[in-house]
Amino acid sequence: MNLNDHIRDIHDFPKPGIIFKDITPLLANPEMLKYAADKLYEKVKEQKVDKVIGIEARGFIFGPLLAERLDAGFVPVRKKGKLPSETVSVSYDLEYGTDSLEIHVDAIQKGDRILIHDDVLATGGTASAVEKLVLDLGGVVVQCNFIIELSFLEGRQKLKTPVASLLNY
């Protein structure tokens with residue numbers, strides 16, 4: 001099975017000059033969805049993981065699948081104002097401004113071993129911000145997993161923990 005065959009290039013999205021790597025064809029194929037989840041699991045199965053963090057929104061797709069396979073809990077990290085209970089937040093830089101992410105203050109206990117998952121690692125700003133949230137709450141990030149890594153943007157250089165991805169461009 002070839003995951004590459006199920007990634008679609010969308011030119012000039014979200015702005016001119018960008019080639020967006022779209023995973024929706026992969027998600028639409030049940031066999032490929034299971035295959036990708038299994039491959040992500042293989043990259044972390046030797047680790048002890050207490051909770052899997054999924055980053056809004058596409059991290060919510062594979063995050064719970066990984067949590068189930070790892071016998072771990074799932075924790076959503078969302079944009080500011082979307083979580084219902086008390087939160088802590090972090091702001092981070094984007095190429096066109098800043099953004100904020102939040103997590104419930106009680107989502108991670110001191111010493112919890114955390115897997116961070118998102119669909120794409122680009123510049124590393126989002127994953128690095130989530131890594132900071134985990135560390136601030138006393139968690140230990142064991143790995144960051146991605147479907148796609150855009151290696152030319154060197155996002156993994158911003159992360160303190162090991163990175164695993166299924167596809168590199």
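Predicted model: local features only at pLDDT ≥ 70, side-chain atom pairs only at ≥ 80, totals over all residues.
Let me begin just after helix H4, where Gly-138 takes a positive phi of about 95°; helices here are DSSP runs of H or I of at least four residues, strands are E runs of at least two, and both are numbered from the N terminus. Residues are numbered from 1 along each chain as its sequence is written, and side-chain values use heavy atoms, with hydrogens and water left out.

Staying with H4, this helix has 12 residues and reaches 16 Å from its first C-alpha to its last, close to the 16 Å expected at 1.5 Å a residue, where the expected span is 1.5 Å times one less than the number of residues. Its buried residues are Gly-125, Ala-127, Ala-129, Val-130, Glu-131, Leu-133 and Val-134; buried means under 20% relative accessible area, exposed over 50%, and partly exposed in between, with a 1.4 Å probe and protein chains only. Those residues pack against E3, E4, strand E5 (87-94), strand E6 (97-104), E7 and E8, contact being heavy atoms within 4.5 Å.

H4 also belongs to a right-handed β-α-β unit, together with E7 and E8; right-handed means that, with the strands pointing away from the viewer, the path from the first strand over the helix to the second runs clockwise. Those two strands run parallel and are joined by 8 bridges, one of which pairs Val-120 with Ile-148 in E8; strands count as paired if DSSP finds at least two bridges between them. E7 also pairs with E3, again in the parallel sense, over 4 bridges, and here Lys-51 has Ile-114 in E7 as its bridge partner. As for burial, 7 of the 9 residues of E7 are buried.

Now to helix H3, residues 59-70, whose end C-alpha atoms are 16 Å apart, in agreement with the 16 Å that its 12 residues should span. Which residues of H3 are buried? They are Gly-59, Phe-62, Gly-63, Leu-66, Ala-67 and Leu-70. Seen down the axis of H3, these fall within an arc of 145°, so they line one face of the helix, the arc being that of the directions from the helix axis to the C-beta atoms. Their cover includes helix H1 (24-28), helix H2 (30-42) and strand E3 (51-55). Gly-59 has a relative accessible area of 0%, and, leaving aside residues up to four places away in sequence, Gly-59 touches Gly-54, Pro-64, Phe-74, His-117 and Asp-118. Just after H3, Asp-71 takes a positive phi of about 55°.

Finally, the structure holds 2 aromatic pairs, where rings of Phe, Tyr and Trp (its six-membered ring) pair if their centres lie within 6.5 Å, with planes under 30 degrees apart called stacked, over 60 edge-to-face and the rest tilted. Phe-13 and Phe-20 form an edge-to-face pair, 5.2 Å centre to centre with 85° between the planes. The rings of Phe-60 and Phe-74 have their centres 6.1 Å apart and their planes at 90°, so this pair is also edge-to-face. Because Phe-60 lies in helix H3 and Phe-74 in strand E4, the pair ties together parts that are 14 residues apart in sequence. Phe-60 is partly exposed at 25% relative accessible area, and Phe-74 is partly exposed at 31%.
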